[in-house]
Amino acid sequence: MTAQSIIHKEIVIKGRVQGVGFRINAKRVADSMHVQGQVKNLLDGNVWIMAEATPDIMEDFVSWCKSGPAMAVVKEVDITDGEVQHIQGFTILYS
């Protein structure tokens with residue numbers, strides 16, 4: 001991946017997305033797709049993801065976020081573009 005081809009997204013997933021393995025599955029999917037970033041639960045019950053990848057990979061990752069793991073019920077996904085931060089790895093943040 002060249003630096004020019006990487007895009008940055010902040011993704012907020014809303015619905016029944018906590019207590020269903022969303023973060024660990026997001027990490028598993030991100031690692032398999034070579035998506036770099038972070039995921040954490042928010043106090044309001046949503047899940048936040050910061051992700052960096054090529055546009056094609058990002059499209060696939062966002063598509064996964066719209067359904068999530070088997071027990072999740074995703075009602076809404078808000079996506080915001082941002083500046084590439086050249087994150088290395090994909091980590092779960094615990095707040």
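Predicted model: local features only at pLDDT ≥ 70, side-chain atom pairs only at ≥ 80, totals over all residues.
**Entry 1**

I began with the strands. They form an open sheet of five, in the order β4-β1-β3-β2-β5, and the pairing is mixed. At the edges I found β4 (73-82) and β5, each of which pairs on one side only. Direction ignored, neighbouring strands here are turned by 15° against each other on average.

Next I looked up how β1 and β3 are joined. The two run antiparallel, with seven bridges between them. One position I noted on the way: E10 stands opposite M50 in β3.

**Entry 1: the helices on the sheet**

Which strands does α1 lie across? I listed β1, β2 (36-41), β3, β4 and β5, and the helix runs at about 170° to β5. Then I turned to α2, which packs on the sheet and touches β1, β3, β4 and β5. The direction of α2 makes about 160° with that of β3.

A general reminder to myself: in soluble globular proteins, nonpolar side chains tend to be buried together. In this model, the largest nonpolar core has 22 residues, and I11, I13, F22, I49 and F61 touch the most other members. I then checked which elements supply at least two residues each, and wrote down β1, α1 (22-33), β3 (47-53), α2 and β5 (90-93). Helix α2 gives the most, with five residues.

**Entry 2: the rings**

How many aromatic pairs does the structure hold? I counted three. F22 and W64 form a tilted pair, 5.2 Å centre to centre with 55° between the planes. Since F22 lies in helix α1 and W64 in helix α2, this pair ties together parts that are 42 residues apart in sequence.

Why is the pair of F61 and W64 stacked? The ring planes are at 25°, and under 30 degrees counts as stacked; the centres are 6.3 Å apart. Both residues lie in helix α2, three residues apart, or about one turn of the helix.

I also looked up burial. F61 is buried at 0% relative accessible area, and W64 counts as buried at 15%. F22 is buried as well. Put together, ring pairs link F22, F61, W64 and F90 into a cluster.

Is K9 buried or exposed? The relative accessible area is 17%, so K9 is buried, the cut-off being under 20%. The side chain of K9 makes a polar contact with the side chain of D81, at 2.3 Å. Beyond four places in sequence, K9 touches I49, M50, A51, M58, I79, T80 and D81.

P55 lies in helix α2 (residues 55-65). I have P55 down as partly exposed, with a relative accessible area of 42%. Setting aside neighbours within four places in sequence, P55 is in contact with S5 and I7. From P55 to T80, 25 residues along the chain, the C-alpha atoms are separated by 14 Å.

A53 is buried, with a relative accessible area of 0%. The C-alpha atoms of A53 and V84 are separated by 9.3 Å, and the two residues are 31 apart along the chain.

Methods. Residues numbered from 1 in each chain as written. Heavy atoms only, no water. Buried < 20%, exposed > 50% of the residue type's maximum accessible area, 1.4 Å probe, protein only. Polar contact = N/O pair within 3.5 Å; in protein donor to acceptor, adjacent residues only side chain to side chain. Contact = heavy atoms within 4.5 Å. Helix = DSSP H or I, 4+ residues; strand = E, 2+ residues; numbered from the N terminus. Core = buried A, V, L, I, M, F, W, Y, C linked by side-chain atoms within 4.5 Å. Pairing = 2+ DSSP bridges. Axes fitted to C-alpha atoms, helices over the stretch in contact; angles between N-to-C directions. Phe/Tyr/Trp six-rings, centres within 6.5 Å; stacked < 30°, edge-to-face > 60°.
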